[in-house]
Amino acid sequence: MSQTEFKPVLLGRVGRPDSQSLASYRADGGYEALAKALKMANTEVIDVVKNSGLRGRGGAGFPTGLKWTFLPKDVNGPIYLCINGDESEPGTFNNRVLIEEDPHQVLEGIVISSFATRSTTAYFYLRYEYGRCYRTLQKAVDEMYANNLLGKNILGSGYDLDIYLHRGACAYICGEETGLIESLEGKRAWPRIKPPFPAIEGAFRRPTVVNNVETMACIPHILKHGTEWFQSMGIPKDPNNPRDAGSYGPKLYCISGHVNKPGLVELPMGITARDLIDKHGGGVWKGRQAKAVIPGGLSMGFMTNAELDTPLDFNGPGRVGCLGLGTAAVVVIDDHTSMVDVLYNACRFFAHESCGQCTPCREGTAWSTKILERIRDGRGKLSDIDLLLEIANSIGTIPGTTICGLADGAAWPIKTGINKFRGEFEEYIKSGRRSQSHALAGAH
Amino acid sequence: MVKVKVNDIEVDADPKDNCILAARKAGFEIPHYCWHESLSVVASCRMCLVEVGETKPDGTVAMGPKLVPGCQTPIKEGTVIRTESAKVKTTQQMTLELLLLNHPLDCSICDQAGECYLQDYTYKYGKAHSRLDEPKIQREDKYHIGEQIALFTDRCVMCTRCVRFTREISGTSELQVVARGSHEEIDVFPETPCNNKLAGNVVDLCPVGALCSKDFLYKKRVWWLKHAESVCTGCSTGCSIHVDQNENKVYRLRPRENPQAQGHFMCDEGRYGFKYIHDDRRLKYPRLKNPSANSNTAVASSRPSDLSFADPWPTVLSEARKRIQTAIQNDPSGFVAVLSPQMTLEEAYLLASYIKGIDPRTKLTLGPVPVSGSDDLYPKGPKGEPPAAGKVKFTIRAEKCPNRLGVEAVLRHFERSVILAESLGKSSASAWYVVGGYSAGWVNEKLDQAVGTPSLLIVQDIFPSPLSERADIVLAAGSFAEREGTYVNHAGLAQAAHASIRPPEEARADGRILMELAGRTGLFNAMALRKEIGTKIAELSAIAVGELGDYGVRLAKYANQPVAAKS
């Protein structure tokens with residue numbers, strides 16, 4: 001399927017009048033997938049999702065169906081499904097549009113997924129800032145209860161499900177699945193050590209699955225149209241790499257930064273960053289060139305202009321030294337912007353959001369911010385560049401020094417920023433100039 | 001047991017051990033801050049990162065790709081741990097540099113200096129300088145964190161041991177982490193300071209100088225302190241402790257880890273309850289009330305116990321011996337000795353064998369057993385309720401004496417039964433030998449009346465009491481810190497306590513007094529006496545080994561009792 005003839009799937013109903021209401025969703029064939037799923041065995045639903053090759057849209061790209069199979073076979077007592085709506089990766093806003101414009105699509109996915117995972121309770125963890133999402137969702141959930149789509153004996157199938165909306169308290173770390181679970185339990189969102197993984201011991205010490213909002217939105221469509229339809233979109237498995245799970249299906253790309261037309265577009269997986277910016281984002285603003293592009297949220301690091309032909313599938317950004325596709329939130333940085341300022345802003349964000357549990361992340365993120373603050377103040381030293389790299393290399397899970405991935409996310413912008421733009425940093429430090437970008441200055 | 005290889009040294013380790021414990025068995029230290037044996041694992045300080053791999057069936061070793069926290073990583077047959085590789089060392093250096101980033105380096109005025117894991121690990125695993133060029137984050141000290149605890153906020157390494165202690169062991173949850181990232185701090189909610197009865201333990205748990213004991217603050221540099229292994233005599237739990245003293249003054253008590261007794265902790269009652277040993281009101285000199293008068297003409301007026309009235313020990317002891325002999329000859333069944341549950345086994349044995357050796361018709365009794373309220377169990381529930389059975393992690397016992405079981409065993413051997421001194425009627429005997437040793441007023445009305453005004457009253461005690469005031473002979477004895485001997489706790493665990501200081505002025509440790517009184521030759525030697533007691537008294541045969549080790553030995557009678565730390 002070529003991109004030109006692609007008809008949006010997840011955003012298909014966005015923009016229609018009354019797209020949030022149950023009546024309009026049903027008129028468009030909504031909840032047919034649920035009715036279909038409820039007639040199947042739950043393991044059959046898992047098989048469909050597994051065979052579709054759907055990978056989690058939250059950032060790590062873990063195969064969704066496989067995640068569901070990690071739940072223990074025999075469970076006495078409840079299993080929980082948690083929906084991660086703590087969308088806080090800088091540059092990302094796809095969950096917001098999905099929830100605000102078409103809540104029933106997400107909720108249908110949640111009911112199907114709960115059925116598949118044998119959950120009888122689903123917790124929708126929503127970031128606090130999404131007030132409109134909360135109200136829209138609550139209204140939709142109420143409609144569902146009134147129409148036998150939630151509660152006892154859903155659609156006469158004998159299956160019971162309750163959904164609770166839970167609003168977070170504005171912390172980035174709550175997007176980490178075990179941080180989310182701790183926060184849901186009313187505790188400080190300090191990610192847990194694994195094992196045990198949430199599938200064995202998650203929320204309230206019960207088996208738990210945590211899935212992203214966009215992942216949930218994909219589920220009804222997979223059930224409805226089948227796995228072949230789903231696999232007709234995106235990039236197939238790399239036959240030379242047995243560990244590659246492929247990048248199938250539609251994906252929401254958030255475009256922001258220095259472009260003419262920022263926004264959210266839905267495309268099959270695998271569009272190149274250059275095409276995305278030029279064809280869907282209206283090109284770099286003010287006729288300038290892109291200096292750097294963040295492929296999938298700040299924590300994935302930077303691509304250079306020369307690397308923009310990289311396809312934005314699950315494997316593409318990794319090939320050019322980025323952490324991964326992340327949330328597919330593309331942020332464009334034009335050639336008038338100082339990378340020192342950009343990196344400072346990134347570090348400031350992660351220092352502010354580090355939960356403070358592990359020493360390397362707690363201290364390392366704050367230290368790198370201080371160093372960049374000094375460089376921006378014209379008091380940098382050339383040795384600072386290597387020191388920043390050393391700090392970046394000694395935090396994160398990939399050297400194995402922290403509990404969760406936040407520190408990797410904090411380290412990647414430093415690693416890629418300095419490795420790819422080292423000359424600019426050296427020149428900046430040698431010039432001894434002070435940053436012109438006062439908008440970014442201030443206490444963190 | 002499984003075979004584990006640590007830096008090419010093979011050891012047998014418990015499959016329940018983590019890498020830190022397994023490495024310890026092989027003689028290697030894996031540095032750590034947040035991990036503590038009796039607290040939950042959080043693996044957050046990242047100081048214990050090591051390389052871990054496994055031995056494949058063909059004998060080759062496959063090391064994991066990443067460093068893993070030694071505290072969190074379990075071991076199994078064939079686990080290979082490397083604690084000294086270049087990768088591990090670099091990471092340790094970086095972690096220490098990060099931990100010291102905002103640390104004020106105020107060792108010169110820090111109480112913890114000398115027993116600080118930041119100092120020790122920096123010497124062993126760190127590097128000499130910091131590359132931080134920017135100002136450090138400065139934080140307010142928090143003296144309000146607890147009545148006995150001060151928090152030097154900027155020295156904290158955020159290991160959260162203290163937070164976990166109040167959640168998991170005391171159950172009182174006063175301490176929290178507030179704020180986030182590098183700005184986070186330990187704190188309490190307003191108006192709810194950390195004043196629970198186990199609060200002092202957070203000071204011991206703190207691996208750095210952040211939490212300090214106000215009681216000990218700025219009193220002594222720790223390197224001047226000498227440590228004696230001892231047993232807390234505050235209650236029948238019998239916590240293993242260290243008595244830390246310098247120049248004959250005890251500065252603090254610290255719990256000594258003993259899984260057989262109490263685990264890793266001790267209560268504040270015991271921790272701060274030692275002050276009485278330096279009280280100025282202590283009996284400091286032996287005293288004869290009326291050396292020339294015979295036993296029928298007791299003088300009513302009592303003499304103050306100051307130096308001018310002190311009588312030399314040889315005079316006092318020979319007089320005491322003489323009068324005891326006479327009293328027993330005159331009325332053997334009218335001679336009563338009161339053994340205190342504060343006495344060590346050795347002291348009880350010396351006194352009992354001496355008195356019974358003169359005449360078996362004499363009577364041995366047990367002194368008052370102080371009981372206060374009921375057993376206090378931890379961790380507390382959210383409303384302060386005690387934990388369910390099987391979930392108990394610490395107990396402060398209602399019985400406020402260390403050796404009731406031990407003294408009772410001695411009494412059973414010599415007297416065939418345990419008679420309470422208080423249960424004897426008014427003025428029930430003609431001669432009394434009463435041993436005290438309690439920290440506070442202990443002579444109750446019943447005992448006072450039972451003793452009455454006999455023809456001979458000998459009191460061996462550390463504080464003046466109504467009895468010592470009217471005693472014919474007062475023997476100034478030693479407190480727990482001045483005595484050596486064995487205590488049997490509530491669960492039948494016999495533990496050895498060592499003397500740490502000398503008794504004040506002319507006072508003498510009870511064992512020394514009794515050796516001389518009984519006319520035994522040689523110095524008081526707890527080890528030799530334990531062997532003697534163990535062979536003579538069947539119930540106490542377990543202590544015949546003499547050396548009881550760090551954890552003590554269980555008496556056979558109590559062998560089936562659950563391990564004390566868990567009950």
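Reader: What makes the group of 6 strands in chain B an open sheet, and in which order do they stand?

Author: In this predicted model, the strands follow the order β13-β20-β19-β18-β14-β15 in chain B, with mixed pairing. Strands are DSSP runs of E with at least two residues, helices are runs of H or I with at least four, and both are numbered from the N terminus; two strands pair if DSSP finds at least two bridges between them. β13 (287-288) and β15 (363-366) of chain B each have a single partner strand and therefore stand at the edges, with one side of each left without a neighbour in the sheet. Residues are numbered from 1 along each chain as its sequence is written, and chains are lettered from A and ligands numbered from 1 in the order in which they are written. Local features need pLDDT of at least 70 and side-chain atom pairs count only at pLDDT 80 or more, while totals for chains, interfaces and linings use all residues.

Reader: How do you know that strand β19 (residues 456-461) of chain B pairs with strand β20 (residues 473-476) of chain B?

Author: The two are joined by 4 bridges and run parallel, where at least two bridges are required, so they count as paired. Val459(B) has Val474(B) as its bridge partner in β20(B).

Reader: Why is strand β9 (residues 290-294) of chain A called largely enclosed?

Author: In β9(A), 5 of the 5 residues are buried, so the strand is largely enclosed by the rest of the structure. β9(A) pairs in the antiparallel sense with strand β11 (residues 329-334) of chain A over 4 bridges, and Val293(A) has Val332(A) as its bridge partner there. β9(A) also pairs in the antiparallel sense with strand β10 (residues 303-304) of chain A, over 2 bridges, and in β10(A) Met303(A) stands opposite Val293(A).

Reader: What makes α15(A) a kinked helix, and where is the kink centred?

Author: The bend at a residue is the angle between axes fitted to the seven residues ending there and the seven starting there; in α15(A) there is a kink of about 85°, centred on Phe421(A). Taking the expected span as 1.5 Å times one less than the number of residues, a straight helix of 26 residues would span 38 Å, whereas α15(A) spans only 33 Å between its end C-alpha atoms. Gly432(A), which follows α15(A), has a positive phi, near 65°.

Technical notes. A residue is buried if 20 or more other C-beta atoms lie within 10 Å of its own, exposed if 12 or fewer, and partly exposed in between; C-beta atoms are placed from the backbone.
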